[in-house]
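Work through the exercises below with the model open. Try each task before you read its solution.

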Amino acid sequence: MTAVIIVTIVILVFIIIALMMYNINIHKKIAKFSNINEKITGLNILQSFMNTVGEYSSVEKKINKINEIILERYSDIKYSTIVVFDGAEYVIKASNVDEKHWNTLRNLYTEEIFKDSISTATPKYITVDKETEKLPYQKMELGRAKSAMFFPLYIDNVYIGYWLIESGQIHAFDGMDTAIIEVIKENIVTILKTVEYQKTVENIVRTDLYSSLKSAEYLYGEGKQLVDRYTVSTVCMLRITNLEDINEKINRHLGNKVINVVSNIIANNISKEYLFVRYMGPKFVIVFSGVQPEDVANFLEDIKSQIEETEIFLEEEDKKRMKLKKDISVTPRLNFVLTSYYKGTSMDGVTKKLEEYIDQADKKENDINYI
């Protein structure tokens, strides 16, 4: 009887050990699967980031969209805030936190708990142990966040701001794959670097004195955002081919008047949906948003005829200054080149291609060309 009990106990011990081994094996598989799943999620986020850079023209929309992606893909992250130093002050570029807390969030760089993180360029993870406790930087927000990770942001070893993720759960980020988060952080930096260049371009847009049109830079920022509402558009560059001759052989005042008259005729005849800018010197660009090249041919023929039949006279003051008794007039001559533009592609690349063609064309060329 005793032997039977011993055998039974041994069998039960083996069964228990086997079950423990099985459970450990299952746990490892689950952990491995979770890790793989996190990496797949991370890669999907990175792909979404890259798509965002191409799909959204506005700087603000790009940054806000990547913040939305982070929140959508990571359920543990309840709040995400991106703060950038613009040279004068800290500015919240994206956040889903209520604005009443923004003053606290834009001043995290002053908190002792984060100063070492900024100086050493390393992340800082903080959490509470009890529901009644609050995070060190919290002022009037006792129940909002119980865990937080602070990431200082650097571009080429220059500190530019920080990214803060928060959760309402205690120890929420204990098991998070920080390698993926670090990669996401680096992609945030890359996008900030890209949009910083774009912001610079947007800030240098000027209004031309003689044509009252925006400068070419408008096409690459706010203008591109408008055009990218459509899948395909037509970009047209035109050149006043005899403008240099007018400036040299008569005077620059008449040349400026030609620019003014030509731009006014075109501006008064195109839809507000279309973009019209002074590109450079005698060159202008019209972007027909959502229109195929073949659909603008008749309009260009009509506008070309109207402009080239317009007689533009030298001002009386210039006549007197030049001691001329007879009226002097000129008629503009135009050369057009156009091509298709596809949403999300480089507007700068398209205009450069058109510019190369129109600059290399014979000065006597006076046509509408498709490339």
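Predicted model: local features only at pLDDT ≥ 70, side-chain atom pairs only at ≥ 80, totals over all residues.

Residues are numbered from 1 along each chain as its sequence is written, and side-chain values use heavy atoms, without hydrogens and water.

**Exercise 1.** Find the order of the six strands in the open sheet, and what packs on the sheet.

Step 1. Strands (E, at least two residues) are DSSP runs, numbered from the N terminus. Two strands pair if DSSP finds at least two bridges between them.

Step 2. The order is 6-8-9-7-12-13, with mixed pairing. Strand 6 (214-215) and strand 13 (368-370) are the edges; each pairs on one side only.

Step 3. Look inside the sheet. Strand 7 (residues 232-240) runs antiparallel to strand 9 (residues 283-288), over six bridges. Helix 11 (residues 347-360) packs on the sheet and touches strands including strand 7 and strand 12 (334-342). The directions of helix 11 and strand 7 make about 35°.

**Exercise 2.** Describe how helix 8 (residues 252-267) packs with helix 9 (residues 297-308).

Step 1. Helices (H or I, at least four residues) are also DSSP runs. Axes are lines fitted to C-alpha atoms over the stretch in contact, and angles run from 0 to 180 degrees between N-to-C directions.

Step 2. The angle is about 145°, and the axes lie 10 Å apart.

Step 3. Contact means heavy atoms within 4.5 Å. Helix 8 supplies Val262, Ile265 and Ile266; helix 9 supplies Ile303, Gln306 and Ile307.
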